[in-house]
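Trainee: Please take me through one part of this model closely. I would like to look at the salt bridges and then at what surrounds them.

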Amino acid sequence: MTSISTSTTPRLSGLSLRYLVLLGLIVIASVGFGLANENFYSLTNFGILLRSIAVLFLVSMGMTFVMLTGGIDLSVGSNVAFSGGVGVITLTTTGSAPLGFAAAVLAGMAIGAINGVFIGRLRLSAFMVSLATYALARGLALVIYDANSINVSNAAFLWLGGVSWGSMPVVIPFVVVVFVGLSVLLYNTPFGRNVYAAGANFNTSFVLGRRPERTLVWIYVLSGALAGLSAIVTVGRVSSGQPWSGLYLEFDAITAVILGGTSLFGGRGRLLGTILGVLLYGIIINGLVLTGTNPYLQSLIKGMILLGVVLLDTWTQRGKTS
Amino acid sequence: MQNIARTLQERNIVVVTLLCCIVFYVLSPRFLSVDNMSAISRQIVPIGLIMLGQFFVIVSGNIDLSLGMASVLFAVVLGVFFGLTGGVGIGLLAVIVASLAMGFVNGALVAKLRLPAFIVTLSTLFVAQGLSGLIISRGQQIFLMGGFFQWAGSEKLLGIYLSVWFLIALGGLAYVVYNHTRIGAAIIAIGNSEDNAKLAGINVDRVKIGVFMFSGLCSGFAGIMLSTRMGFVQPGLDGNGLLLDAIAAIIIGGTLIQGGRGTIGGALWGVAFIGIINNALNLLNVEDVWHQVFKGLVILAALGVNWLLWQSRQSEAH
């Protein structure tokens, strides 16, 4: 135990430096887009911004757990569409919002469980397995919706994603609650320590009896559950369930998590970094949309951001070790 | 368990494919008609080309997620050059140079900077998607008529489309390189253990970059074949669908996704299998929405079989 705590001390200072840089970039990005678009600074737009990236917050927190174990979950975007479909169908058939919520989260967890068993128990590569569930979940979503969107009018079901208290969308306190809950899980429980251990060294963790294979299964189930929650928020935001919702969300989440300082190789990173990463990335994406940027240029910029961040990380880390 | 694994060895994809053919024939006699068979053969060419590139990447222990979207980009590149100059030769040259360059960038980032391949190629996937829509104005289509496109798209030799002959030729070349040259042996060695390959004196970085350049080139070829088959290009084609089909074919063909083992023949049969399934789902009027579910399940099942193969290899090793 002592060896772990001593080794994290210098890393933490590196991370806090990164958080300061991220904060600075967030300020610069908001000033930049504020100059480019006069509506950027209004309280209403800030509410809209936070609501539009609420889903990215939720999914990215799940992705942080996954990437701390050295894995990846390419299925979350499709899973948002699939679990949303299950939730909406359950709602329309039973008329009960709580049942709809439960069904969405359970559906998300089911896809997560497939990932978890194949990745954790069978030890197959995470991107390969989650690429299969990426296709499967999107396909199931298309089947459930029969490729059409379904309008939802149940006020209780739409509350989480659609209602605002003044300029503050209800979903923001919800994201904060989830953040606090997941922070306790990650930093104050044996499970959280197992997550870091599995990511730092799977085999050592196995020999120490930490059961990393079991931890991995639960990590992907958690990521699926957060996709289910995101689905509820997504449906609430647009008052309808859509088979193509969450498209490329996994890419945004991966970029935000890496931006927030979580290592691609597992074992290093914190949830706070992910929050800052999502804020910065969300402001940039939101700004690109507000300024009417060509969607293909947006793709190009997104690709360059991910590549740039990964290159910068490698460069600074090589600098430190040599 | 190991017996199951052995009976599911890569060669048996042939049996499974032929069984599927019989079942589909019974369900819809039109399935085995010459017209339908030749339609399938033409459909699978882009998948097959991407598969050949991806095959070497996977055997060397990596993955290239950018190949599908890259082939869409290169189809658009060809169309834009054709639209601007009216010449085909310069367009083909541009595609070949650009695809090799893209493969080089992927390979150099993976080999020299030791970045995980899936992150590098995920970002180049988005770069390719963005570029495909930027070099052509939005919603625009370029029609590719006449001369070369007519010839490459619909001409037949001995009753088989020229594009299919191209796939067979490149597949044959890949087979020889993979099985009978030191390059092939080096790729397998790297997939098994990079450290051992290095100790054996293999220039790991150079081989890896070469593998990614070849896969880039294959996506360029796939883009060319895509454009000649359709007769027009536009951004927003389903490149990721091609990528999924190619990866599914490779896994179904018995290639170990952990790297180090696989056969070109098995992977080519995997491509035929995917083509037959895609075609049969259409012939049997299965609704479009089910296609992707089916594909996801096929990949998951193949991954399960792959795991059994891997387990049996692990126990052979001990």
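**Salt bridges and their setting**

Mentor: Start in chain B. K295(B) and D245(B) form a salt bridge, with 3.2 Å between the closest N and O atoms. This is a predicted model, so read every distance as a property of the prediction. K295(B) sits in helix α14 (residues 288-317) of chain B and D245(B) in helix α12 (residues 239-252) of chain B, so the pair ties together parts 50 residues apart in sequence. K295(B) counts as buried because its relative accessibility is 19%, under the 20% cut-off. D245(B) is buried too, at 5%.

Next, D205(B) and R114(B). Their closest N and O atoms are 3.9 Å apart, and the pair forms a salt bridge. D205(B) belongs to helix α11 (residues 204-230) of chain B, while R114(B) lies in the loop between α5 (89-112) and α6 (117-134) of chain B. The two are 91 residues apart. D205(B) is buried, with a relative accessible area of 14%. R114(B) is partly exposed, at 40%. K112(B) joins R114(B) and D205(B) in a network of salt bridges.

Now chain A. The side chains of D313(A) and R18(A) meet in a salt bridge, N to O 3.0 Å. D313(A) is in helix α13 of chain A and R18(A) in helix α1 (residues 2-36) of chain A, so this pair ties together parts 295 residues apart in sequence. D313(A) counts as buried at 12% relative accessibility. R18(A) is partly exposed, at 22%.

Over all chains, the count is six salt bridges. Between chain A and chain B it is zero. The interface has three residue pairs in polar contact, both residues at pLDDT 80 or more. On the chain A side, the elements giving two or more residues are α4 (97-121), α5 (126-145), α11 (249-259) and α13 (295-321) of chain A. The largest share, 14 residues, comes from α5(A). By class, that side has 33 nonpolar, seven polar and four charged residues. The area buried between the chains is about 4000 Å², and carbon and sulfur atoms give 82% of it.

Finish with the nonpolar packing. The largest nonpolar core has 187 residues. Among those with the most contacts inside it are M128(A), I254(A), F55(B) and L303(B). Helix α2 (residues 43-68) of chain A gives the most to this core, 15 residues. M128(A) touches residues of chain B, including I58(B), I63(B), I251(B) and L303(B). Another core, of eight residues, lies apart from the largest one; V88(A) and F157(A) are among its members.

Notes. Residues numbered from 1 in each chain as written. Chains lettered and ligands numbered in written order. Predicted model: local features only at pLDDT ≥ 70, side-chain atom pairs only at ≥ 80, totals over all residues. Heavy atoms only, no water. Buried area = accessible area lost by both parts, 1.4 Å probe. Salt bridge = Lys/Arg side-chain N within 4 Å of Asp/Glu carboxyl O. Polar contact = N/O pair within 3.5 Å; in protein donor to acceptor, adjacent residues only side chain to side chain. Helix = DSSP H or I, 4+ residues; strand = E, 2+ residues; numbered from the N terminus. Nonpolar A, V, L, I, M, F, W, Y, C, P; charged D, E, K, R; others polar. Core = buried A, V, L, I, M, F, W, Y, C linked by side-chain atoms within 4.5 Å. Buried < 20%, exposed > 50% of the residue type's maximum accessible area, 1.4 Å probe, protein only. Contact = heavy atoms within 4.5 Å. Lists of a residue's contacts leave out its neighbours within four places in sequence.
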